[in-house]
Amino acid sequence: MRRHILIASSIILLLLAGFGYWFTRPDRARLSVADVSGARPQITTPRPETWPTIGVAQAVGWANGAAPTPAPGLKVQAFARGLTHPRWLLPLANGDVLVAESNSPPRNVGGVTGLVMGYLFKRAGAAVPSPNRITLLRDANGDGIAETRTVLIAGLNSPQGMALVGNTLYIANTDALVRVPFTPGQTRITATPEVVVRYPGGGNHWARTVLADPRAGTLYVAVGSSSNIAENGLDAERNRACLLEVDPRAKTFRVYAGGLRNPQGLAFEPRSGRLWVTVNERDMLGSDLAPDYMSAVELGDFFGWPYTYWGGYVDKRVQPQRPDLQQYSKRPDYALGPHTASLGLAFTQGAKLGARFANGALIGQHGSWNRQPVSGYKVVYVPFGPNGFPQAGARPVDVLTGFLDAQGRAQGRPVGVSIDRAGALLVADDVGDTIWRVAAR
């Protein structure tokens, strides 16, 4: 019986794929990724899709010790292999590295949508059950390879972001910010996590990140939308598509900034101290729209979602319209290309990657599913100027590529990026189940 169900499901998917191709025809990009990048990207006329353009790279993993390709002047090696869906990183001052091994919580999506979603997740390497743990990696001899691996804490709920404040470790589960006592050097946490605040979990965008502000004693939590363009109603998006500012003492939060469809990477720009965020924009407006982006964020900022994108371009699919909000939609500071799924964010202060990468931001681009040809699947660098913003006219520079093989299959997909104690770049690869370490030659 199970075999018959699987065969029937496969036939349905093939029929659906055929319908999508022959009756709606996949939308192909007319611009390069570079054209839709930078401070002044090209914003073309939208091409709304009834059936989504599907172009996700099939996940195959790394074979026979293969590795991604670093930029000239850099070298790469595996810091740790054989992990299970590693998503996010937190290097500690003592040299240890914490890794969130995580995936989406179970999704209760039935019918045709559920079949298609399951197919896409399996193809993209995202169908594995969530390990729900944080693992500690230790490189005691300093050779760039972690020889010790221990489960620091398990039994979490789709965790991703982590922040260490004193001897307290904050963990961003999909539905709550929790904390546990932790002293660097420990290899096991036995304490029960304490809930600091609860927020909406799951949905299309389940992954939460957290960043501590030691100056204010607060924390920022990025919470993505539950849908593409609020098609399930705005009630389902309450306290979502936003950054939350959390007071850990009072166990309260407020919305710090809104209209951010799926905010992910959080970091302070070192020269100015400004808060920056990476954001994944909406799907099904064509392969050239809308650009994912990174931007400085201040209290009260509104970036337009779901009504507008890129500072005021109206998404006519969203009903009812809100023209009264259009003038208040902040234009992001820097576009990162269409559908690149730009997630991880780290500034290069303290990095030792050479003069070329001395002052700027590193971004992990997980890779597209709604674009032909695919975009992302790499780590890029955006050079910044002395004013704490990207250099005028700068385009993203490739730092780590080769995640796609010669057949266009995904050997890996980069997510979180961080700088370790020695100044090397660490990259979490959730399809390749590897942490990559990039250093200067």
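These legends walk you through several close-up views of one predicted model.

Residues are numbered from 1 along each chain as its sequence is written, and side-chain values use heavy atoms, with hydrogens and water left out. Because this is a predicted model, local features need pLDDT of at least 70 and side-chain atom pairs count only at pLDDT 80 or more, while totals for chains, interfaces and linings use all residues.

**View 1. Glu49, a buried charge without a salt bridge.** Glu49 sits in the loop between β1 (37–38) and β2 (69–70); strands here are DSSP runs of E with at least two residues, and helices are runs of H or I with at least four, numbered from the N terminus. Glu49 is buried, and buried means under 20% relative accessible area, exposed means over 50%, and partly exposed is in between (1.4 Å probe, protein chains only). A salt bridge needs a side-chain nitrogen of Lys or Arg within 4 Å of a carboxyl oxygen of Asp or Glu. For Glu49, the nearest side chain of opposite charge is Arg47, 6.9 Å away (Lys and Arg count as positive, Asp and Glu as negative; His and the chain ends are not counted). What Glu49 does have is a polar contact of 3.1 Å with the side chain of Asn370. A polar contact is a pair of N or O atoms within 3.5 Å; within protein, one must be able to donate a hydrogen and the other to accept it, and residues adjacent in sequence count only if both atoms are side-chain atoms. Leaving aside residues up to four places away in sequence, Glu49 touches Asp27, Met284, Gly286, Ser287 and Asn370, where contact means heavy atoms within 4.5 Å.

**View 2. An open sheet of 4 strands in the order β3-β28-β27-β26.** The pairing is antiparallel; two strands pair if DSSP finds at least two bridges between them. At the edges stand β3 (74–80) and β26 (414–419), each with a single partner strand, so one side of each has no neighbour in the sheet. On average, neighbouring strands are turned by 25° against each other, direction ignored (axes are lines fitted to C-alpha atoms, for helices over the stretch in contact, and angles run from 0 to 180 degrees between N-to-C directions). Look for β3 beside β28 (residues 434–440), where 6 bridges join the two. Lys75 has Ala439 in β28 as its bridge partner.

**View 3. Strand β5 and its two partners β4 and β6.** All 5 of the 5 residues of β5 (residues 97–101) are buried, so this strand is largely enclosed by the rest of the structure. Val97, Val99 and Glu101 point one way from the strand, and Leu98 and Ala100 point the other way. With β4 (residues 86–91), β5 forms 5 antiparallel bridges, and Pro86 stands opposite Glu101. The hairpin of β4 and β5 has 5 residues between the strands, and there Gly95 takes a positive phi near 100°. Another 5 bridges join β5 to β6 (residues 133–138), also antiparallel, with Arg133 as the bridge partner of Glu101.

**View 4. Thr209 and its surroundings.** Thr209 belongs to strand β12 (residues 209–213). Its relative accessible area is 1%, so it counts as buried. A polar atom of the Thr209 side chain lies 2.5 Å from the backbone oxygen of Gln264. Residues that Thr209 touches include Trp88, Gln160, Tyr220 and Leu266.

**View 5. A salt bridge between Asp430 and Arg87.** The closest N and O atoms of this pair are 3.1 Å apart. Asp430 lies in the loop between β27 (425–429) and β28, and Arg87 lies in β4, 343 residues apart. Are these two partners buried or exposed? Both Asp430 and Arg87 are buried.

**View 6. A salt bridge between Glu194 and Lys251.** Here the closest N and O atoms are 2.6 Å apart. Glu194 is in β11 and Lys251 is in the loop between β14 (242–247) and β15 (252–258), so the pair ties together parts that are 57 residues apart in sequence. Glu194 is partly exposed at 34% relative accessibility, and Lys251 is partly exposed at 36%. The structure as a whole holds 19 salt bridges.
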